[in-house]
Amino acid sequence: MKLDIFLQQVPDGDGTWWQSLASGLQWTLLVALLAWIMAFALGSLVGVARTTDKRWLTRLGDTYVELFRNIPLLVQFFLWYFVVPGLIPSVKVWVTTLDPTQHQLVTAIVCLGFFTSARIAEQVRSGIQSLARGQRNAGYAVGLTQVQTYRFVLLPMAYRIIIPPLTSELMNLIKNTAVAYSIGLTELFFRTREMGEMTFRYFEAFAAATLIYIVISMAANRVMAFIERRVAVPGYIAGSH
Amino acid sequence: MRRFITTIITAALLGGPVAAQDLGGTLKKIKDTGTITLGHRESSIPFSYLDDKQQPIGYALDLCMKIVDAVKTELKIPNLKVTLQPVTSSNRIPLLQNGTIDLECGSTTNSVARQEQVSFGPTYFVINVSAAVKKSSSVNTIADLDGKTVSTTSGTTSVPLIKSYEKAKGVDVKEIYGKDHAESFLLLADDRAAAFIMDDILLAGQIANARNPADYRILPESLRQEPYSMMLRKGDAPFKALVDRAVGAVMKSGEIEKIYAKWFTAPIAPKGVNLNFPMTPVIRDAFKNPNDKGV
């Protein structure tokens, strides 16, 4: 294994292989961050919807989760990138006005956002359902509306309980961004493959990518652990130590 | 590690009694195991691909079978076992180097960069890297693509070619990547890209399989010519000589005309599509003077 390959110029590109991987990493982080924001917001809404007393809302939420959970991620990328614009003429018109790179970025964020939101919704639901029934009833008893009960009683505790599975979800999301190579987004995995195929130094390229993915996933893990400690309620479940 | 093993093998060969025939390398491996393993592609139409019965067929495989025949005669193993191993553009070189396959029969460009890793047999096809466009578009030359989006397949030699063309001619095109040729072509078919830049024969294959083949054309311009050839392990002179002799004989005898016609100007499996790709002068020249020059 010779590391000088990382300092060699990319044929007819700008910069070295090391810089090429670094630019891929930027895309990876950007997609992960924006998809996480989307997934967290959507996932929370759907998760809450599945625990309300409105039967139709619960059904709708269940359908949403099953839809996005049961289709392989690679297939979902293909659907969002090729099939959706092909089926809906107005989307196609809009897509052709977009810069192709922007289009890939938007597709990757939307696809990963929906996929991850279904998984977060499932965790938010289980977090709320793990709380004692009395908490909800206590909320109603002191005169809070359903919205207020969720906002001030149920969700603050539910989110604290589900921080560990949410951490795994965030780490999964970071690793899942690699699938965006399939729509040609030049993220880290795309650059790694490109480096392998153009220099035949697969071992070096993939060793570097492995290391980078481990480092960013671990960093996400540490950040979530920090948040978990900061928001812990003394004397209550996992947060206590 | 490889050098270490080579040293040991060399030492063993030198130290032991001198064999009647000094085979070594691939030929020795074939003789010892009674098996030759050919690497083939799964969708490089018409060079090396799977038919509707999932059997590997193609122009490159036909030529490789000529090499297998020569190996049988040379080693006097009439019942030599032929194993077929699928390979991809990413793993074809590593699998050849580690001995999983003995000969790669696909659509591999013979490039100077690759010659540092592997050897090549005689050039059996010469492609032009060109652009497929829709007939309805106003694009007539590659320079007309200035300011437009073009698609290409990631990991192929077309990627650095477009970039160097842009720099040389001062044109500005935006590249988007499909992960395989079918997806890159889909980007053109959906009007997401104004052109698909790739080897002309592969473009012809995509067009022949498109819903409306008459809608597309390949620009007569060429970004670069690239020779295709079979790959074998580097530094294996006896096997290389056998490959050159076997394929060279097919080319000199004119038998190649029949094999070429079978794959490029006649309907081929699985759908009975005709690629309509008659022999170009450059290809004819490569058959007249068999060579393994890379680009």
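1. The centres of domain 1 and domain 2 of chain B lie 29 Å apart, taken over C-alpha atoms. Domain 1 of chain B covers 2-125 + 226-288, and domain 2 covers 127-225. These bounds come from an automatic or database domain assignment.

2. A word on the ground rules. This is a predicted model, in which local features need pLDDT of at least 70, side-chain atom pairs count only at pLDDT 80 or more, and totals for chains, interfaces and linings use all residues. Residues are numbered from 1 along each chain as its sequence is written, chains are lettered from A and ligands numbered from 1 in the order in which they are written, and side-chain values use heavy atoms, with hydrogens and water left out.

3. How many residues of domain 1 of chain B are in contact with domain 2 of chain B? There are 15, and they meet 14 residues of domain 2 of chain B. Contact here means heavy atoms within 4.5 Å. The size of an interface is often given as the accessible area lost when the parts come together. Between domain 1 and domain 2 of chain B, the buried area is about 1300 Å². Carbon and sulfur atoms give 58% of that area. Buried area is the accessible area (1.4 Å probe) that two parts lose on being put together, summed over both.

4. The rule finds 1 salt bridge across this domain interface of chain B. A salt bridge is a side-chain nitrogen of Lys or Arg within 4 Å of a carboxyl oxygen of Asp or Glu. B:Arg224 and B:Glu226 form a salt bridge, with their closest N and O atoms 2.9 Å apart. Domain 1 and domain 2 of chain B also share 4 residue pairs in polar contact, both residues at pLDDT 80 or more. A polar contact is a pair of N or O atoms within 3.5 Å; within protein, one must be able to donate a hydrogen and the other to accept it, and residues adjacent in sequence count only if both atoms are side-chain atoms.

5. Strand S13 (224-233) and strand S15 (273-274) of chain B each supply at least two of its residues. S13(B) gives the most, with 3 residues. The residues of this side divide into 11 nonpolar, 2 polar and 2 charged. Helices (H or I, at least four residues) and strands (E, at least two) are DSSP runs, numbered from the N terminus. Ala, Val, Leu, Ile, Met, Phe, Trp, Tyr, Cys and Pro count as nonpolar, Asp, Glu, Lys and Arg as charged, and the others, Gly among them, as polar.

6. Now the two chains. In all, 24 residues of chain B are in contact with 29 residues of chain A. The area buried between them is about 2300 Å², with 57% from carbon and sulfur atoms. Which residues of chain B lose the most area to chain A? They are B:Tyr177, B:Lys179 and B:Arg192, together 26% of what that side buries.

7. The count between chain B and chain A is 1 salt bridge. A:Asp99 and B:Lys174 meet in a salt bridge at 4.0 Å, N to O. The rule also finds 2 residue pairs in polar contact between chain B and chain A, both residues at pLDDT 80 or more. On the chain B side, helix H4 (92-97), helix H6 (158-169), strand S10 (174-178) and helix H7 (181-189) give two or more residues each. H6(B) gives the most, with 5 residues. The chain B side divides into 8 nonpolar, 7 polar and 9 charged residues.

8. Over all chains, a search of the whole structure finds 23 salt bridges. A:Asp99 lies in the loop between helix H4 (89-97) and helix H5 (100-129) of chain A and B:Lys174 in strand S10 of chain B, so this pair joins two chains. A:Asp99 is partly exposed at 30% relative accessibility. B:Lys174 is partly exposed too, at 31%. Buried means under 20% relative accessible area, exposed over 50%, partly exposed in between (1.4 Å probe, protein chains only).

9. B:Lys134 and B:Asp191 meet in a salt bridge at 3.2 Å, N to O. B:Lys134 lies in strand S8 (residues 125-134) and B:Asp191 in the loop between H7 and strand S11 (195-199) of chain B, so the pair ties together parts 57 residues apart in sequence. Is B:Lys134 buried or exposed? B:Lys134 counts as buried, at 15% relative accessibility. B:Asp191 is partly exposed, at 46%.
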